[in-house]
Number of protein chains: 2
Amino acid sequence: MRILLVGAGGVGDAIAKIAARRSFYELIVVSDFDESRAERTIAAIAARHGEESAQRFRAEQIDASDPYAVESLVREHRITHVMNAVEPKFVPTIFAGALAAGANYLDMAMSLSEPHPTDPHRQTGVKLGDDQFAQAPDWQKLGQLALVGMGVEPGLSDVFARYASDHLFSEIDELGTRDGANLVVRDDEGNEMFAPSFSIWTTIEECLNPPVIWKKDEGWFTTPPFSEPEVFVFPEGIGPVECVNVEHEEVLLMPRWLDAKRVTFKYGLGAEFIGVLKTLHLLGLDSTVPLRVRGADAAGVKGPVEVAPRDVVAAALPDPASIGPRMSGKTCAGVWVTGTGLDGEPREVYLYHVSDNEWTMREYDAQCVVWQTAMNPVIALELLATGVWKGSGVLGPEAFDAAPFLELMARPLDEGGYDQPWGLDERTPTRAG
Amino acid sequence: MRILLVGAGGVGDAIAKIAARRSFYELIVVSDFDESRAERTIAAIAARHGEESAQRFRAEQIDASDPYAVESLVREHRITHVMNAVEPKFVPTIFAGALAAGANYLDMAMSLSEPHPTDPHRQTGVKLGDDQFAQAPDWQKLGQLALVGMGVEPGLSDVFARYASDHLFSEIDELGTRDGANLVVRDDEGNEMFAPSFSIWTTIEECLNPPVIWKKDEGWFTTPPFSEPEVFVFPEGIGPVECVNVEHEEVLLMPRWLDAKRVTFKYGLGAEFIGVLKTLHLLGLDSTVPLRVRGADAAGVKGPVEVAPRDVVAAALPDPASIGPRMSGKTCAGVWVTGTGLDGEPREVYLYHVSDNEWTMREYDAQCVVWQTAMNPVIALELLATGVWKGSGVLGPEAFDAAPFLELMARPLDEGGYDQPWGLDERTPTRAG
């Protein structure tokens, strides 16, 4: 296996660092628009694992918005798998470049949605991944695989859903992805800072788009943002967090392969963060449409410049990849499943994985949210490299057998695994009488 | 009297339109960095009052950050009074230009403050107007007048405070400026919009700076932003509004001329607006320090540009001068005075002026908040032109007799007044027994 990793930001950097401990591939080309970021990642691997380990890595410059740039790097390095680790707005070009060059493809977020033009809070418009699924026949015809949505959420959540479907339930009422954390970031004086642990650009995109829900008898439909708030209790000391509906790939992926009456995604944003997102929207600061603004530099006022308000919000906040050392706490990703167990009785479980920032910083020098995202595509690549997972066309993680994934993930390091146990929280309400 | 009006934004435009109905001056030079805004104001006057009325107006380009540009326009047009109607950051240069050119000067906001370097939420640093008062001896020596803080708040509020001091109280406990409104702005579909009725740039400046309070036995001191919330009931149907301490000129002006035990300013921001300001601060979007941001134009991504986040916030919101047609409701400015009445008994009054958007739009094509601000310096200029008000040095509105101001303001239009009655709300609590 020869991998082209596109993007050496927070998640791309962590993918390379996790892969550095594995032996299933021959080469990873780490590419970025800013080649120095790719070099920094490889230098960190050399520093931790020695120069020899770093021999399997190569830095390249890439313009992810240009499919020909992707195609040309694939051909130059005889790449077998393109691993997309940049913002989802670059999905179409990387996807096209990989297809044209004859490589397989993986991503962690799918092609972007567009709201319904007249009824955005009830009907879907262009859905997440629609552009990719439309090209599924081409991938299938050529025998190439596009494994889409293979991060943590989507990704591990879809693996959990498949596992529940195969091994825990005879009939599923709801597959409800639930994500929550108790992370805190502190400044030099020890005061809590506002510092989102994931790209604010992407968070705004997913939280302010109309959330999508799937029901077996209605198909996909949307609601207004932040709908159906619920307090979900997360395990391992994280505790109760306010969760709301958010547009997310799981809702588009799971119903294509799994049988359930309802599929939802709720994000544990918490009241403060929901308030921040609502305010950004109220003021138009979520917009990606460039505004004409008075330019300024340290020396004084200059002529007008054009900037998108959302880019300014992102620039004003700390870089999520840089906050690991200031952060403490855990993040939890999982799927809450309700329905009928194998014994014919009502059952309710929460399947989850918790990532602890103290551990990910110590072991990988990566903060826990990006690390948790990065672990899953590496495991998937390993299962593809070893032939445990096989397929062609455009497939979600739930199209593959979940058991070997979860087994490899949980297996201790010294037995060749990833040492990442997962949890099964039995939540079936006990009945009186 | 020959007036140089610096700034043809919302308030400057309204000043010219109000003055257009008066005869106390010979010439008003309307100047702006963007000369077309000055021309637009004069064209609006010509359209409403005829070409002849517009003969007393002249448009000029000006760079308000350059004292020599101010000085040169003063000399060229033999200006007697410079009327500053731009953002307070340009106070120092316009102030200096007027002094150097031998003209008198008026403004509606004073030179900016700087927080105390180590104890900002308890001690004052550089206070509002400090830079101007430091130059008072020069103005006095040359016999020139700088009438500072002569808008509505500061301005009319200071006139009310002087009136209460002269005519209503034998001893004053508190002079508490209280500002509130019930304004609503609606979009094309009739939904309420977030659209502040005054410059967001200035509102952020005054609301996020530590509020200043004056006590007779302690002098000036500060508190954290948004301190001492209270619900104040405003008259004429506006009703109860949540008010908080805000840094404002009245607190710096009134104690210099009037005797009171305590001087405060509270702004009826309302819970939503306080939330917005807190969020902007949390995210660093209130900052005026330029950030490096990815530039963007309609055609795609460009190289990085430098912008101040606060300028982006201002650019993302509707121009306050443009929202008049979408707005409805009233705004109230006034001073709540407590103490001992002339009869030796406890007394409590609220002296106020209400501006109704429907009326200001119909009569002046100006929204009510900017119109209310603009009326007061025009009245002050008229009192100076007719010799009713006289003085030299750097003086606040409370240094002048309030009675003729309030009389001219309230007098009906057909009797030569401004037709703007004011209210005296007797609020003395009745005592049991």
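## Two helices in chain A

How are helix 9 of chain A and helix 12 of chain A oriented to each other? In this predicted model, helix 9 (residues 200-208) of chain A packs against helix 12 (residues 309-316) of chain A at an angle of about 130°, and their axes are 9 Å apart. Angles of 65 to 115 degrees count as roughly perpendicular and those over 145 as roughly antiparallel, so helix 9 and helix 12 of chain A are oblique to each other.

Who makes the contact? Helix 9 of chain A brings A:Ile200, A:Trp201, A:Ile204 and A:Glu205, while helix 12 of chain A brings A:Arg310, A:Asp311, A:Val313 and A:Ala314. By class, the residues of this contact are five nonpolar and three charged, with no polar ones.

## Where the two chains meet

Now look at the two chains together. Chain B gives 31 residues to the contact and chain A gives 32. About 2,600 Å² is buried between chain B and chain A, and carbon and sulfur atoms give 69% of that area.

## The side of chain B

On chain B, at least two residues each come from helix 11 (270-282), strand 14 (291-297), strand 15 (300-307) and helix 12 (309-316). Strand 14 of chain B supplies the largest share, seven residues. The side of chain B that touches chain A has 21 nonpolar, eight charged and two polar residues.

Notes
Residues are numbered from 1 along each chain as its sequence is written. Chains are lettered from A and ligands numbered from 1 in the order in which they are written. This is a predicted model: local features need pLDDT of at least 70, side-chain atom pairs count only at pLDDT 80 or more; totals for chains, interfaces and linings use all residues. Side-chain values use heavy atoms; hydrogens and water are left out. Axes are lines fitted to C-alpha atoms, for helices over the stretch in contact, and angles run from 0 to 180 degrees between N-to-C directions. Helices (H or I, at least four residues) and strands (E, at least two) are DSSP runs, numbered from the N terminus. Angles under 35 degrees count as roughly parallel, over 145 as roughly antiparallel, 65 to 115 as roughly perpendicular and the rest as oblique. Contact means heavy atoms within 4.5 Å. Ala, Val, Leu, Ile, Met, Phe, Trp, Tyr, Cys and Pro count as nonpolar, Asp, Glu, Lys and Arg as charged, and the others, Gly among them, as polar. Buried area is the accessible area (1.4 Å probe) that two parts lose on being put together, summed over both.
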